[in-house]
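Q: I have a structure open and want to go through it piece by piece. Can you help me read it?

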Amino acid sequence: MKTSLDSHTLLQQLAQLLLDATRTAESDSLSRNLALESLPTAIDIAKQLRLDADLVKKKLKILKQEGLVQATSFSPKRYRFDRYHLAHLDEESVLYPLFCGESPSHALDFGPE
């Protein structure tokens, strides 16, 4: 498995993947439980990005601490992106320049709303 991505690029890829999965789950006309089951686990993300699961879990923890990602279930733990917390991210956060600064180095693609 590759692990050569820099930390910021990996955080951006995780956030974008979870944003896309969350948008898809929210747009599905399925029941709430089925939509939640379509959200990815850390293992799903690791497989998709071809990365070590422990590395993905460490980066998810960073995003969770800042409120950008939430676990939606206990076992298996599935994750969703929280757009509200991104919009209200504290300027003192280490992730603020990455996602919200004047010229964010890794802007997220929110796609059509």
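Q: Where does Arg 80 lie?
A: Arg 80 lies in strand β2. Bear in mind that this is a predicted model.

Q: Buried or exposed, or partly exposed?
A: Arg 80 counts as partly exposed, because its relative accessibility is 22% and buried would mean under 20%.

Q: What does Arg 80 touch?
A: Leaving out residues up to four places away in sequence, Arg 80 touches Thr 22, Glu 26, Leu 39, Leu 68, Val 69, Gln 70 and Thr 72.

Q: And how many residues apart in sequence are Arg 80 and Ala 15?
A: They are 65 residues apart in sequence, and their C-alpha atoms are 9.2 Å apart in space.

Q: OK, step back. What does the secondary structure of the chain come to?
A: Six helices and two strands. From the N terminus on, the order is α-α-α-α-β-β-α-α.

Q: What share of the residues is buried?
A: The protein chain has 113 residues, and 37% of them are buried.

Q: And what share of the contacts is between residues 24 or more positions apart?
A: Among contacts with a separation of 6 or more, 61% are between residues 24 or more positions apart.

Q: Let's do α3. Which of its residues are buried?
A: The buried residues of α3 are Ala 42, Ile 45, Ala 46 and Leu 49. These residues are on the same side of α3, because they cover an arc of only 100° around the axis.

Q: Why would residues a few places apart point the same way?
A: An α-helix has 3.6 residues a turn, so residues three or four places apart point the same way.

Q: What's on the face of α3 turned away from the buried side?
A: That face carries the exposed residues Lys 47 and Gln 48.

Q: And what covers the buried residues of α3?
A: The cover includes α1, α4 and β2.

Q: Take α4, then. At what angle do α3 and α4 pack?
A: Helix α3, residues 42-49, and helix α4, residues 53-65, pack at about 115°, with their axes 9 Å apart. The crossing is right-handed.

Q: Which residues meet there?
A: From α3, Ala 42, Ile 43, Ile 45 and Ala 46 meet Ala 53, Val 56, Lys 57 and Leu 60 of α4. By class, that contact has seven nonpolar residues, one charged and no polar.

Q: Now α1 and α3. At what angle do they pack?
A: They pack at about 115°, and their axes are 11 Å apart. This crossing is right-handed. On the α1 side the contact is made by Leu 10, Gln 13, Leu 14, Leu 17 and Leu 18, and on the α3 side by Ile 45, Gln 48 and Leu 49. Six of the contact residues are nonpolar, two are polar and none is charged.

Q: What about α1 and α4, how do their axes cross?
A: The axes of α1, residues 7-27, and α4 come within 10 Å and cross at roughly 75°. The two helices are therefore roughly perpendicular.

Q: Which residues of α1 meet α4?
A: Ser 7, Leu 10, Leu 11, Leu 14, Ala 15 and Leu 18 of α1 do, and their partners in α4 are Leu 55, Val 56, Lys 59, Leu 60, Ile 62 and Leu 63.

Q: Different topic. What is the phi of Arg 50?
A: Arg 50 has a positive phi of about 55°, although it is not a glycine. Most residues other than glycine have a negative phi.

Q: Where is the place of Arg 50?
A: Arg 50 is in the loop between α3 and α4, just after α3. It counts as exposed, because its relative accessibility is 61% and exposed means over 50%.

Q: Where is the cis peptide bond?
A: It joins Ser 75 and Pro 76, with an omega of about -5°. Most peptide bonds are trans. Pro 76 is found in the loop between β1 (69-71) and β2 (79-81).

Q: Last one: where does Ala 87 lie?
A: Ala 87 lies in helix α5, residues 83-87. Ala 87 is exposed, with a relative accessible area of 61%. The C-alpha atoms of Ala 87 and Leu 68 are separated by 9.5 Å, and the two residues are 19 residues apart along the chain.

Methods. Residues are numbered from 1 along each chain as its sequence is written. This is a predicted model: local features need pLDDT of at least 70, side-chain atom pairs count only at pLDDT 80 or more; totals for chains, interfaces and linings use all residues. Side-chain values use heavy atoms; hydrogens and water are left out. Axes are lines fitted to C-alpha atoms, for helices over the stretch in contact, and angles run from 0 to 180 degrees between N-to-C directions. Helices (H or I, at least four residues) and strands (E, at least two) are DSSP runs, numbered from the N terminus. A crossing is left-handed if the near helix is turned anticlockwise from the far one by less than a right angle, and right-handed if clockwise. Contact means heavy atoms within 4.5 Å. Ala, Val, Leu, Ile, Met, Phe, Trp, Tyr, Cys and Pro count as nonpolar, Asp, Glu, Lys and Arg as charged, and the others, Gly among them, as polar. Buried means under 20% relative accessible area, exposed over 50%, partly exposed in between (1.4 Å probe, protein chains only). Angles under 35 degrees count as roughly parallel, over 145 as roughly antiparallel, 65 to 115 as roughly perpendicular and the rest as oblique. The arc is that of the directions from the helix axis to the C-beta atoms.
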